[in-house]
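Biologist: I have a structure open and would like to learn how to read it. Could you take me through it step by step?

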2 protein chains.
Amino acid sequence: MRVNSPGVRPGYCVVHICIVQDYEQEAVHVGGLDRRPFLQLHSAPMRIVTSTAAMQRLALRWRRAGTRVGFVPTMGYLHDGHLSLLSRARRLVGKRGIIVASIYVNPAQFAPTEDLSAYPRDLERDRVLCRKAGVDVLFLPSDAEMYPGRAPGGHSTHVIEEQLSQGMEGGARPTHFRGVTTVVAKLFNLVLPDVAVFGAKDWQQAAIIRRMTRDLNFPLRLVVAPTRREKDGLAMSSRNKYLSAEERPQATILWRALKLAKEVVTSSRTPNYADVLKSELAALIATQPAARLDYLEFFDGETLQPATAVTRGAHMALAVFIGRTRLIDNAVLG
Amino acid sequence: MRVNSPGVRPGYCVVHICIVQDYEQEAVHVGGLDRRPFLQLHSAPMRIVTSTAAMQRLALRWRRAGTRVGFVPTMGYLHDGHLSLLSRARRLVGKRGIIVASIYVNPAQFAPTEDLSAYPRDLERDRVLCRKAGVDVLFLPSDAEMYPGRAPGGHSTHVIEEQLSQGMEGGARPTHFRGVTTVVAKLFNLVLPDVAVFGAKDWQQAAIIRRMTRDLNFPLRLVVAPTRREKDGLAMSSRNKYLSAEERPQATILWRALKLAKEVVTSSRTPNYADVLKSELAALIATQPAARLDYLEFFDGETLQPATAVTRGAHMALAVFIGRTRLIDNAVLG
């Protein structure tokens with residue numbers, strides 16, 4: 001079924017499957033970038049691409065046309081944090097640039113014990129949000145597209161970062177960053193962006209991707225945009241959805257620990273011993289019955305080297321289980 | 001010193017250092033691809049680029065201009081095998097395409113016990129050969145350009161292939177392919193080729209690079225060109241230079257072993273047991289006093305899975321020390 005008679009303004013809630021199919025074929029077969037007769041009915045058309053080959057073909061065409069491309073890779077279940085990355089990407093590439101958002105819950109970055117199957121998904125809502133946010137292309141690859149033949153003889157190449165990945169999230173989730181760097185390298189090669197925007201909430205991830213981009217000479221600029229927070233300070237995260245009504249207020253303990261650390265550091269005239277400060281913050285976190293501290297670290301924001309003496313400008317990150325939900329947060333101190 | 005007065009036709013043997021400097025600055029600063037006033041004096045100008053940033057800037061400009069780029073990465077000390085890769089690359093991109101050759105002896109693919117410092121080099125001769133072969137850009141990065149800050153805090157990202165890299169060269173040289181895949185990923189991102197040409201002599205390497213290209217979605221085509229041989233069958237290799245006058249005739253034993261295997265396989269009506277055939281070939285190799293077999297393997301040419309029964313179409317590879325020189329060769333049987 002193809003809806004293309006003039007005057008019809010299809011909402012993709014109704015005919016989205018057909019539209020996906022159409023866009024896909026178009027991405028593969030149409031010669032020029034602007035020949036989108038069906039989509040011209042929309043004032044802000046958004047193309048949906050599910051095949052890696054079609055995505056890369058579009059990307060090569062943009063590069064040849066000199067079109068600037070901004071890229072925001074996500075795992076979906078979008079919130080205001082993601083939307084702020086999209087608007088940052090738009091500012092970076094300008095009105096005439098192209099914004100690509102990807103939604104892909106990458107199995108390779110989840111350990112078998114983690115929440116891959118439970119990870120929240122709401123593709124319909126994500127599509128609406130992306131379109132409203134001015135996304136030009138929403139890239140929705142399947143596992144089969146991203147890792148064809150994961151059976152023996154299939155995918156066997158990985159990108160690993162061996163220094164910044166060691167501590168914190170890398171310590172708690174040993175195979176996590178290998179999955180992240182591999183999928184981001186793949187996405188960079190598929191989308192060929194001029195600029196990619198990552199969120200500061202995953203500070204270690206952003207530092208590792210920056211290092212990978214530099215070490216492997218990817219021809220793009222990496223931008224890290226600030227963490228968005230709820231009114232009570234909780235960092236926005238798709239995983240906040242897991243929190244029960246009793247847990248939700250306790251989840252602010254991550255932000256309160258960061259604020260206390262900031263206060264201590266800005267009010268001290270001498271450096272604070274990291275171990276002492278950690279104990280104080282651990283005690284604060286322990287006041288919440290549902291909270292269990294996973295790690296808390298002070299470090300240099302770029303090299304991620306742990307700091308033994310904490311001064312202004314140091315970075316702090318922590319991971320805390322609130323019930324069964326593992327949350328992370330970070331901030332620069334002072 | 002800049003030589004640019006009309007009528008002067010500088011040979012780079014005389015003023016190459018100045019020219020490198022000039023090309024380099026031009027690659028960085030000149031706006032248009034064709035504004036090469038100095039080089040227009042040559043009928044076949046060859047640009048020499050030593051900085052990674054300049055290389056990538058040129059590559060992005062070509063991509064924007066829709067110019068096809070063929071790439072032949074080498075470790076220098078060029079021989080007819082390399083030249084055949086360059087002419088294959090030229091055929092693939094056509095007269096209007098750009099050919100980039102790189103010469104970089106990559107430390108990351110040599111183990112501490114190997115021949116990194118002794119690896120033969122003759123840059124002057126390589127330049128002449130590249131220019132004669134119609135190379136448009138010769139990329140000559142230094143270690144400092146390729147691995148800035150190898151000190152702590154420096155390069156920490158690697159590309160690893162975990163399946164095809166296990167046996168043969170990967171078994172004999174455990175860190176070798178990790179160094180190869182990492183540097184080739186970097187070179188792909190710096191040169192942004194449409195097509196890259198590798199030699200069949202390093203069959204396992206070519207299979208691994210092909211797997212990496214597919215797994216990480218590099219937007220390029222990989223072509224493997226046939227092995228070039230001396231008249232007596234010895235596969236061309238920069239390392240042949242190491243052979244003494246007594247060793248040189250004995251080095252043909254690799255090719256003679258491959259020929260014997262072909263004869264056995266084509267004359268048999270039933271599959272040959274790999275172990276039996278290996279023993280026969282090992283006995284042949286042992287007839288040469290300077291020869292010591294490192295490994296000999298029968299396998300599937302694409303998956304590199306070892307074959308226990310050897311039939312037509314199987315692949316054979318071997319590594320043999322001739323004195324202190326380690327040589328490799330391979331062929332499809334039948």
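Modeller: What follows goes from the single chain to the contact between copies. This is a predicted model, in which local features need pLDDT of at least 70 and side-chain atom pairs count only at pLDDT 80 or more, while totals for chains, interfaces and linings use all residues. Residues are numbered from 1 along each chain as its sequence is written, and chains are lettered from A and ligands numbered from 1 in the order in which they are written.

Biologist: How many helices and strands does chain A have?

Modeller: Helices (H or I, at least four residues) and strands (E, at least two) are DSSP runs, numbered from the N terminus. In chain A there are 11 helices and 12 strands.

Biologist: What share of the residues of chain A counts as buried?

Modeller: A residue is buried if 20 or more other C-beta atoms lie within 10 Å of its own, exposed if 12 or fewer, and partly exposed in between, with C-beta atoms placed from the backbone. Of the 334 residues of chain A, 41% are buried. One case is A:L140, in the loop between β4 (137-139) and α5 (143-146) of chain A. A:L140 counts as buried because 20 other C-beta atoms lie within 10 Å.

Biologist: Which residues does A:L140 touch?

Modeller: Two residues are in contact if their C-beta atoms, placed from the backbone, lie within 7 Å. Leaving out residues up to four places away in sequence, A:L140 touches A:I48, A:T50 and A:I103. Across chain A, of the contacts between residues at least 6 apart in sequence, 71% join residues at least 24 apart.

Biologist: How is chain A divided into domains?

Modeller: Domain bounds come from an automatic or database domain assignment. For chain A they give domain 1 (12-225) and domain 2 (238-332). The contact between them takes 14 residues from domain 1 and 14 residues from domain 2. On the domain 1 side, α6 (168-172) and α8 (203-215) of chain A each supply at least two residues, and α6(A) gives the most, with 4 residues.

Biologist: What relates chain B to chain A?

Modeller: Two copies of a chain are related by a rotation about an axis and a shift along it. Copies are superposed by least squares on the C-alpha atoms of residues with pLDDT of at least 70 in both. Here a rotation of 180° with 0.0 Å of shift along its axis superposes chain B on chain A (RMSD 0.0 Å). The two copies are thus related as by a two-fold rotation axis.

Biologist: Where do the two chains meet?

Modeller: The contact takes 30 residues from each of chain B and chain A. In chain B, α2 (52-65), β5 (157-161), α7 (176-191) and α8 (203-215) each supply at least two residues. Of the interface residues of chain B, 100% are also interface residues in chain A, so the copies meet through the same surface.

Biologist: Which way do the β5 strands run, parallel or antiparallel?

Modeller: Two strands pair if DSSP finds at least two bridges between them. Strand β5 (residues 157-161) of chain A is joined to β5(B) by 5 bridges, and the strands run antiparallel. The bridge partner of A:V159 in β5(B) is B:V159.
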